[in-house]
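Subject: Structure for your review

Dear colleague,

Please find below the structure that I am handing over to you.

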Amino acid sequence: MLRHTGSCHCGTVRFCIDAEIVELTTCDCSLCMKKNALMAKVHESALTILSGEEALSLYQWNTRRAKHYFCSRCGIYTFHRKRAAPDHYGVNIFCLDDFDPSTIPTRATEGIGMTVVDPMARAEWPGPREEADRL
């Protein structure tokens with residue numbers, strides 16, 4: 001298994017992934033489009049935060065199932081827990097040290113059609129609307 005180390009821009013958040021990266025993905029959901037994400041999917045057991053966990057900020061929207069992590073100091077998106085596969089992370093491959101993405105195939109994934117369940121959803125968020133269950 002290969003080890004890849006990475007960090008945010010300022011170096012406060014450092015992490016490693018112990019996984020072979022065989023595919024990269026893009027996503028056309030409203031958040032990924034704005035952050036221009038190119039990601040590698042890894043199982044949660046493959047991601048280790050080496051330092052700076054206390055500096056991570058969490059952003060959640062819509063169903064709040066996905067958890068998007070950013071460095072609170074420099075603002076760089078490092079990784080997120082996936083909505084469709086909550087036992088996996090999408091890792092920002094541009095945060096990886098000495099990683100050449102041109103050697104890995106990239107697949108576009110469809111996020112634009114995921115159901116929007118937040119009653120406070122912005123009109124710009126694409127996807128079919130559904131009333132959120134409020135208990």
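Overall composition

Please bear in mind that this is a predicted model. The protein chain contains 1 helix and 10 strands, and from the N terminus its elements follow the order β-β-β-α-β-β-β-β-β-β-β. Of the 135 residues in the protein chain, 42% are buried.

Aromatic pairs

The structure has 4 aromatic pairs. One of them joins Tyr 69 and Phe 79: the ring centres are 5.7 Å apart and the planes meet at 45°, so this pair is tilted. The two residues are 10 residues apart, and the pair links distant parts of the chain, with Tyr 69 in strand β7 (residues 67-71) and Phe 79 in strand β8. Tyr 69 is buried because its relative accessible area is 18%, under the cut-off of 20%. Phe 79, at 2% relative accessibility, is likewise counted as buried.

Phe 70 and Tyr 77 form another tilted pair, with 5.8 Å from centre to centre and 55° between the planes. Phe 70 and Tyr 77 are both buried. Lys 35 is placed over the face of Tyr 77, at 3.5 Å from the ring centre. Ring pairs also connect Phe 15, Tyr 69, Phe 79 and Tyr 89 into a cluster.

Two individual positions

Which residues does Thr 78 touch, leaving aside those up to four places away in sequence? They are Cys 8, Val 13, Phe 15, Leu 56, Tyr 69, Val 91, Asn 92 and Cys 95. The list includes Phe 15 and Tyr 69, which are also members of the ring cluster. Thr 78 itself lies in strand β8 (residues 77-81), and with 0% relative accessibility Thr 78 counts as buried.

Is Val 117 buried or exposed? Val 117 has 15% relative accessibility and therefore counts as buried. Val 117 is located in the segment after β10 (106-109). The C-alpha atoms of Val 117 and Arg 129 are separated by 6.1 Å, although these residues are 12 residues apart along the chain.

Yours sincerely

Key
Residues are numbered from 1 along each chain as its sequence is written. This is a predicted model: local features need pLDDT of at least 70, side-chain atom pairs count only at pLDDT 80 or more; totals for chains, interfaces and linings use all residues. Side-chain values use heavy atoms; hydrogens and water are left out. Helices (H or I, at least four residues) and strands (E, at least two) are DSSP runs, numbered from the N terminus. Buried means under 20% relative accessible area, exposed over 50%, partly exposed in between (1.4 Å probe, protein chains only). Contact means heavy atoms within 4.5 Å. Rings of Phe, Tyr and Trp (its six-membered ring) pair if their centres lie within 6.5 Å; planes under 30 degrees apart count as stacked, over 60 as edge-to-face and the rest as tilted. A charge sits over a ring if NZ of Lys or CZ of Arg is within 6 Å of the ring centre and within 35 degrees of the ring normal.
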